[in-house]
Amino acid sequence: MKVVVVGGGWSGCAAALAAKKAGGDVVLLERTDLLLGTGLVGGIFRNNGRYTAAQEAIEMGGGDLFDIMDEVSRHKSLNFPGHNHASLYDVNKIEPYVRTLLERNGIEVNLMNRMVRVKKYAKTILAIITDKENEFAGDVFIDATGTAGPMGNCLKYGNGCCMCVLRCPSFGPRISLTAKMDIKETMGQRDDGTPGAMSGACKLNKATLSPQILEKLERDGVVVVPLPEKIDKSSVLGKKACTQYALADYARNIILLDTGHAKLMTPYFSLNDLRNIPGFENVRYEDPYSGGNGNSIRYLGIAPSDDSLKVLGADNLFCCGEKAGLLVGHTEAIISGLLAGHNAVRHVLDMQYLQLPTKLACGDFLEYMHGQMIKPNGLKVRYSFSGSTYFERMKQLGLYTTHNEEIKSRVAACNLSNIYSTCLV
Amino acid sequence: MNDILTARCIDINTPYCPCILADLNNCVHCSRLRGEDICDCDWAGICIYYEKYWQKKEVGDTKAKARTQIETEFEICEQISADIFKISIPVTSIFASMLKKIGSFIFIKLIEDPDYFFFPVGIMKVGTENLEVIIEKVGPKSKRIFGEKQKICVKGPYYNGILGQPWIEHVSYGKIILIAGGMGQAPAISIAEHLLTNHNIVTAIIAPGQSQVFAKEDLEKMGCEVFSVCSIRRVGIPMLKDLILTEPKPDLIVSAGPDEQHYGIIDAMKNVNVNLPMAATNNATMCCGEGICGSCKKVMHNGVMIPTCKLQTSFNQFKDNV
């Protein structure tokens, strides 16, 4: 049974692992020379409701990736405005760990293989052909191609290519598998209805910060510097992809997090303005390189899917990560990836698809998000365990907890303990 | 060498991209510049949509960069046969340097004639301040320039004179067979020059076609092994079969001549069960050179119709006899 995962970001890696554990022969295709995609510049997890979600995934047997994140965390149990008990993994160190994990599990990882064409029969995908003219045939396929970029989109809906970690000019633009199947995709929207949203953080080169700020950042993991009055960033908030950080605190302050880079919690910030702030006189950007000018645009190609993450309109295609909805973050990507990978194997075995129950945060999240996205203005909201509307809902429904034992018993009550590590074949 | 050549616009990454087609929302490469909602291009290492954006910033709403037009007076170097002339056209050194790319061609007309008198002429040799071309008097347009006045207007550069141009450009230290028949001898000279610069071993089979053999001396001087035969069909093709089967196998076949010659070579390769990349001169009827008029359009095996003045692909991708 051959499972082909297209896209090697967090969700693609999670899908590949889940499909492998469920008994599939897994091929993972990635267009760049590194796995993890935007996970290479992310770093924040276990903050707010993400703690519950991560712990649920671990109890369900899909904890390998969270274990790696925990292992390379620079800071744990960190509090910063609006967020509690966050962990920050080291973005510079994590990729080789994940690659080794996948390879050790027997997953065939094909880097620098960008999907360009699809062989199909009616609504069934037969094979993926990459820009190197390699053909990857499969029984079931997973679209983990994401929704960010490429340059044309970043120009049309943003401030142009900002030279981000996606590196489209070097490795070629993202191509959507769902779109190649002629399935209409939806686009997220900003408050004013403009399609897409701008990625929400920049990364500063740590060595260019003043020694005082650097020392505090490395010690505490977080530094909050009030913005001088003449600089106001509030107009940027509505553009952000990560609504959980679109808080007034983030407009009045510079918030830096230590993820290996100094993560600056704003989509972009004029370098000259930044250099007027004490401690930032010599600062420069690490990612995106043109962080003074803009950031990548995302949510431009969301596949229509149901709560089992099967893509509607294709016979043997699943989706995960941002492809599956307006979700934000690694935790969200991983929980969707695990489900898509697991269900892909169930599809080939002609089993009933796994649908996560709403008694679990992960299940409620997917159901709520898909339900909201078809409502008016639903495409203007981003969904995350860590903030915005969904975290409020988690708290109201009593789904939010940081007690591991309680999460364990909830998962057990749903008969889902170790479901992702169970071989179905 | 990659023996599949994706259909791609020859003007990408030249000063003439984005072109008038992008202005008209008909770019052959970029989905956005065709009015589609999402990016879906066959990535060529450059974003044309972005180039369009910069073009607008630099020159405002003016149209895409137009090709250069030069008014000049040519001189006949040699009358090869009753209707075939080798002429030398003085041009600026910048214009000459723009035509050094393999497959370059220009359009020529008398200065006082209207634009629809422009006809395409492949480049044989590029000097520092002149071009050498071969022109055969065949129709109303080409006959006109050999009247009393020899003041002509030259427009260029255009690049898609050879299908499979990237192969010629990139092959090095290889074994190449170059087949040139009739007027195809003219582009064969510039092709051979390029191939030899890249340390390839070039074996040329040339035939007079409807005219005479005129490239033998030039090719030999450059260092090609030249077989001058009376007919490509009767002698050249059997000779080619032998050459294909001789080890080491050739890396590339270049066919410079009429379409019948291209098909003959494809058939010859099929006969001996060998599939080699084949570059071939582009003999489509060209009028505007900008992908607008449609005179050069051909249908590919996948049913897509492409303007061959712009799109680079390999000759065997075309449906026969279209």
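Reader: Is Met112(A) buried, partly exposed or exposed?

Author: Let's start with its place in this predicted model: Met112(A) sits in the loop between strand S6 (108-110) and strand S7 (115-121) of chain A. A residue counts as buried under 20% relative accessible area and as exposed over 50%. The relative accessible area of Met112(A) is 38%, so this residue is partly exposed.

Reader: Which residues does Met112(A) touch, leaving out those up to four places away in sequence?

Author: Ala251(A) is 139 residues from Met112(A) in sequence, and their C-alpha atoms are 39 Å apart in space. The contacts of Met112(A), with residues up to four places away in sequence left out, are Glu30(A), Arg31(A), Thr32(A), Asp33(A), Asp131(A), Lys132(A) and Phe171(A).

Reader: Asp131(A) is in that list. Which residue does Asp131(A) meet in a salt bridge?

Author: Asp131(A) lies in the loop between strand S8 (124-130) and strand S9 (135-137) of chain A, and its partner lies in the loop between S6 and S7, so the pair ties together parts that are 17 residues apart in sequence. Asp131(A) is partly exposed at 37%. The partner, with an N to O distance of 3.8 Å, counts as buried at 4% relative accessibility, and that residue is Arg114(A).

Reader: How far apart are the closest N and O atoms of Lys119(A) and Glu135(A)?

Author: Lys119(A) belongs to strand S7 and Glu135(A) to strand S9 of chain A, so this pair ties together parts that are 16 residues apart in sequence. Lys119(A) is partly exposed at 38%, and Glu135(A) is partly exposed at 45%. A salt bridge needs the nitrogen within 4 Å of the oxygen, and here the closest N and O atoms are 3.1 Å apart.

Reader: Where does Arg74(A) lie, and which residues share its network of salt bridges?

Author: Arg74(A) lies in strand S4 of chain A, while Asp90(A) is in the loop between S5 and H4, so their pair ties together parts that are 16 residues apart in sequence. That salt bridge has an N to O distance of 2.8 Å, and Arg74(A) also meets Glu218(A) in a salt bridge at 3.6 Å. Arg74(A) is partly exposed at 31%, whereas Asp90(A) is buried at 4%. The residues linked with Arg74(A) in the network are Asp90(A), Lys206(A), Glu218(A) and Asp258(A).

Reader: How much area is buried between domain 1 and domain 2 of chain A?

Author: Chain A is divided into domain 1 (2-77 + 86-193 + 297-421) and domain 2 (197-287), with 27 Å between their centres, taken over C-alpha atoms. The contact takes 28 residues from domain 1 and 27 residues from domain 2. Across this interface there are two salt bridges and nine residue pairs in polar contact. Carbon and sulfur atoms give 51% of the buried area, which is about 2000 Å².

Reader: Now to the two chains. Which residues meet in the salt bridge between chain A and chain B?

Author: The contact takes 21 residues from chain A and 13 residues from chain B, and the two chains bury about 1300 Å² between them, 63% of it on carbon and sulfur atoms. Across this interface there is one salt bridge. With 3.3 Å from N to O, its partners are Asp40(B) and Lys180(A).

Reader: Which element gives the most to the side of chain A that touches chain B?

Author: Three residue pairs are in polar contact across the interface of chain A and chain B. Helix H5 (151-157), helix H6 (168-171) and helix H7 (177-180) of chain A each give two or more residues to the side that touches chain B. With six residues, the element that gives the most is H5(A).

Reader: Is Asp113(B) buried or exposed?

Author: Asp113(B) is found in the loop between strand S5 (105-110) and strand S6 (119-122) of chain B. Its side chain makes a polar contact with the side chain of Arg144(B) at 2.6 Å. Buried means under 20%, and the relative accessible area of Asp113(B) is 8%, so Asp113(B) is buried.

Conventions: Residues numbered from 1 in each chain as written. Chains lettered and ligands numbered in written order. Predicted model: local features only at pLDDT ≥ 70, side-chain atom pairs only at ≥ 80, totals over all residues. Heavy atoms only, no water. Contact = heavy atoms within 4.5 Å. Buried area = accessible area lost by both parts, 1.4 Å probe. Salt bridge = Lys/Arg side-chain N within 4 Å of Asp/Glu carboxyl O. Polar contact = N/O pair within 3.5 Å; in protein donor to acceptor, adjacent residues only side chain to side chain. Helix = DSSP H or I, 4+ residues; strand = E, 2+ residues; numbered from the N terminus. Domains from an automatic or database assignment. Buried < 20%, exposed > 50% of the residue type's maximum accessible area, 1.4 Å probe, protein only.
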